[in-house]
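Subject: Structure handover

Hello,

Here is the structure for your files. My notes follow below it.

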Amino acid sequence: MENLFGIGILLDYQDRASAKMLKTQRIFSQTQQTAEQLAEAVEKNNEKFKKLAGISAGVALTGAGLKASGGKLLGVLGKAVEEAKSFETALVNLKIVSGETEEGMERLKKITIDTGMATMFSPQETVDALTSLAAAGLDVESSLTALRPTLDLVSIAAGKIELAEGASLIASSLNKFNLEASEAVRLVDMFVKVSNLTNFQLEDMSAFINSLGTAPAKLGRPIEELLAMGGLLRNIGQGAAQAGATVQGFGRQLILITEQLQKGKGMKVDALKELGISAEDFWDAEGNMKSMIEIFERLTEASANLTDEKRATLF
């Protein structure tokens with residue numbers, strides 16, 4: 001992932017992202033000056049050039065050397081110009097999506113340039129990630145807080161996750177589980193850990209989270225718990241989307257079961273009694289609901305001898 005802003009190619013990076021660079025491009029375009037012509041002009045005015053730039057006579061530039069490298073130099077500069085134009089266009093898109101003020105955009109511009117310089121991503125890619133976070137429903141400050149964790153996730157994924165997908169994953173996870181943007185760092189840590197401990201891959205996470213539907217909000221269970229459940233299902237061969245749908249379905253049944261248990265009556269309560277399952281299998285002594293994994297394992301153990309049809313009817 002090439003980052004021209006990160007290698008300091010002769011020009012200050014902020015100038016390359018400003019109107020100054022665009023003006024330079026217009027001058028090149030108007031004069032139709034080739035690299036060779038530029039080299040010849042410098043050669044003719046070599047002494048003046050040396051004095052202007054503070055270059056000593058011992059390191060004088062030769063016209064032949066400039067001619068040989070002129071095309072490459074102009075090519076690199078041209079690429080920097082194009083990148084600067086793309087960066088400015090990306091900033092316009094960010095302003096539209098975020099609704100930020102002109103003053104606020106100056107701040108965002110500086111932050112994205114600094115972030116791009118400090119990471120493997122270009123400032124334009126950083127702006128694109130910020131735009132994706134804002135488009136996914138995060139406000140400007142939350143998007144800024146989640147920016148670096150998003151870039152870290154995409155970097156760790158090593159090409160398996162695009163910036164827009166990574167931003168969408170972080171934003172949707174924060175929204176679904178009602179988490180503050182500051183929790184984005186923890187999200188990335190959990191995604192990486194579950195991918196190391198189970199058959200989940202980082203690129204699976206978006207499909208899994210999206211397939212959970214409204215389960216996170218209705219269940220009120222921590223994301224670690226649902227990721228762990230999903231990891232177990234991935235280990236037994238379910239795909240990421242299927243695992244998410246299974247967790248959502250189990251969550252829906254869990255809500256029905258616990259509601260009937262609290263009332264002390266209902267078809268599911270009667271069926272559970274036949275299996276030797278009671279409220280103690282769902283809540284601990286302090287009245288806190290046990291984890292979904294504990295409940296799932298208990299139900300699986302108790303229904304091991306049932307037919308698939310009977311188990312489906314029960315749960």
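First, a definition: buried means under 20% relative accessible area, exposed means over 50%, and partly exposed lies in between (1.4 Å probe, protein chains only). Val-92 has 48% relative accessibility, so Val-92 counts as partly exposed.

This is a predicted model: local features need pLDDT of at least 70, side-chain atom pairs count only at pLDDT 80 or more, and totals for chains, interfaces and linings use all residues. Residues are numbered from 1 along each chain as its sequence is written, and side-chain values use heavy atoms, with hydrogens and water left out.

**Nonpolar patch**
Val-92 sits in helix α5 (residues 63-98). Helices are DSSP runs (H or I, at least four residues), numbered from the N terminus. Val-92, Ile-96 and Val-97 make up a nonpolar surface patch. Together they have about 280 Å² of accessible area. Patch residues have over 30% relative accessible area and no salt bridge; like charges are joined within 9 Å, nonpolar side chains within 5 Å. A salt bridge is a side-chain nitrogen of Lys or Arg within 4 Å of a carboxyl oxygen of Asp or Glu.

**Negative patch**
Asp-284, Glu-286, Glu-294, Glu-297 and Glu-301 form a patch of negative charge on the surface. Glu-297 belongs to helix α16 (residues 292-302). Glu-297 is partly exposed, because its relative accessibility is 48%.

**Buried residues**
Asp-281 is in the loop between α15 (267-274) and α16. Asp-281 has a relative accessible area of 16%, so Asp-281 is buried. Gly-116, in helix α6 (residues 102-118), is buried at 0%. The C-alpha atoms of Gly-116 and Leu-151 are 9.9 Å apart.

Best wishes

Technical notes. Accessible areas come from the Shrake-Rupley method with a 1.4 Å probe; for residues, only the protein chains shown count as cover. Lys and Arg count as positive and Asp and Glu as negative; His and the chain ends are not counted. The place of a charge is taken as NZ of Lys, CZ of Arg, CG of Asp or CD of Glu. Helices (H or I, at least four residues) and strands (E, at least two) are DSSP runs, numbered from the N terminus.
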